[in-house]
Amino acid sequence: MKIVVITDDELKQELLSQGISDGAKLFWQEEPNPVPGADGYIDLLFSYSAERIEQLKSLQPAMIAVNAVDTTTNQLPADFVRINGWNSFLQRPLAEAAGGTNDRERTATIFSCFNKTIEWVPDVPGFITARVVCMIINEAYFALDEKVSSKAEIDTAMKLGTNYPFGPFEWAEKIGLKKVLTLLNLLAQTNSRYTPSTLMQQEAQLV
């Protein structure tokens, strides 16, 4: 099976964290370019733009999966698959995905080549895990702003208390604070509980 992955080194290592199954032939790219006979393209560097979408559409009928956490399939061409490819999330053996109604079996097969299982979730901004993690990060910023504790102590408490792999501030750094803020602002349009803390907004301006 031929699989093309548009990625950087960090996300490449995360995608490969469970290894590669026999029979998978991988092609690594920094920009989407056609590979004859490719079964699927995974764009981990996807950024919503008309130009990028046209590039990827030209690669169909191959399966197209894009790292689009805050973009729903209503904004994407038919049969594009959204995945949660934020930094740190691809390390897991389970990958959240949405959309691609007619391409789900092929998507699952392609991701199985990386020894990952696809979990189909509702087609909403943030999927499930990113929403939860961003909410945790936001609450940590509220606590920091209220002088409850330091960043390092809050990170330690979260890891020891919940056995999470990262503390909220570590997670924000890995994901990118601006990405966290963008998702929270989007979610806050329909639910005020996602309203980002003032301190987070201030720090995001400095990144």
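Analyst: Start with a pair of strands. E1 and strand E2 (residues 25-29) run parallel, joined by five bridges. Lys 2 has Lys 25 as its bridge partner in E2. Keep in mind that this is a predicted model.

User: What kind of unit do E1, helix H1 and E2 make?

Analyst: Trace the path from strand to helix to strand. E1, helix H1 (residues 9-15) and E2 form a β-α-β unit, and the unit is right-handed.

User: Which residue in E3 is the bridge partner of Ile 3?

Analyst: Gly 40 in E3 is the partner of Ile 3. E1 and strand E3 (residues 40-43) are parallel and share four bridges.

User: In what order do the seven strands lie in the open sheet?

Analyst: The order is E2-E1-E3-E4-E5-E6-E7, in an open sheet with mixed pairing. E2 and strand E7 (117-120) are the edges; each has a single partner strand, so one side of each lacks a neighbour in the sheet. From one strand to the next, the twist averages 25°.

User: How many bridges join E6 to E7?

Analyst: Four bridges link strand E6 (residues 94-99) with E7, and the two run parallel. Ala 97 has Trp 120 in E7 as its bridge partner.

User: Now a single residue. Is Ala 65 buried or exposed?

Analyst: Look at the relative accessible area. For Ala 65 the value is 0%, so this residue is buried. Ala 65 lies in strand E4 (residues 63-67). In a regular strand, side chains alternate between the two faces of the sheet.

User: Which residues is Ala 65 in contact with, leaving aside neighbours within four places in sequence?

Analyst: Tyr 41, Ile 42, Asp 43, Val 81, Ile 83 and Phe 111. Take Tyr 41: 24 residues separate Tyr 41 from Ala 65 in sequence, yet their C-alpha atoms are 6.2 Å apart.

User: Last, helix packing. At what angle do the axes of H4 and H6 cross?

Analyst: Check distance, angle and hand. Helix H4 (residues 129-145) and helix H6 (residues 168-175) have axes that come within 9 Å and cross at roughly 125°. The two helices are therefore oblique to each other. The crossing of H4 past H6 is left-handed.

User: Which residues in H4 and H6 meet?

Analyst: From H4, Val 133, Ile 136, Ile 137, Ala 140, Tyr 141 and Leu 144. They meet Pro 168, Phe 169, Trp 171, Ala 172 and Ile 175 of H6.

Terms used:
Residues numbered from 1 in each chain as written. Predicted model: local features only at pLDDT ≥ 70, side-chain atom pairs only at ≥ 80, totals over all residues. Heavy atoms only, no water. Pairing = 2+ DSSP bridges. Right-handed = clockwise from strand over helix to strand, strands pointing away. Axes fitted to C-alpha atoms, helices over the stretch in contact; angles between N-to-C directions. Parallel < 35°, antiparallel > 145°, perpendicular 65-115°, else oblique. Left-handed = near helix turned anticlockwise from the far one by under 90°. Contact = heavy atoms within 4.5 Å. Buried < 20%, exposed > 50% of the residue type's maximum accessible area, 1.4 Å probe, protein only.
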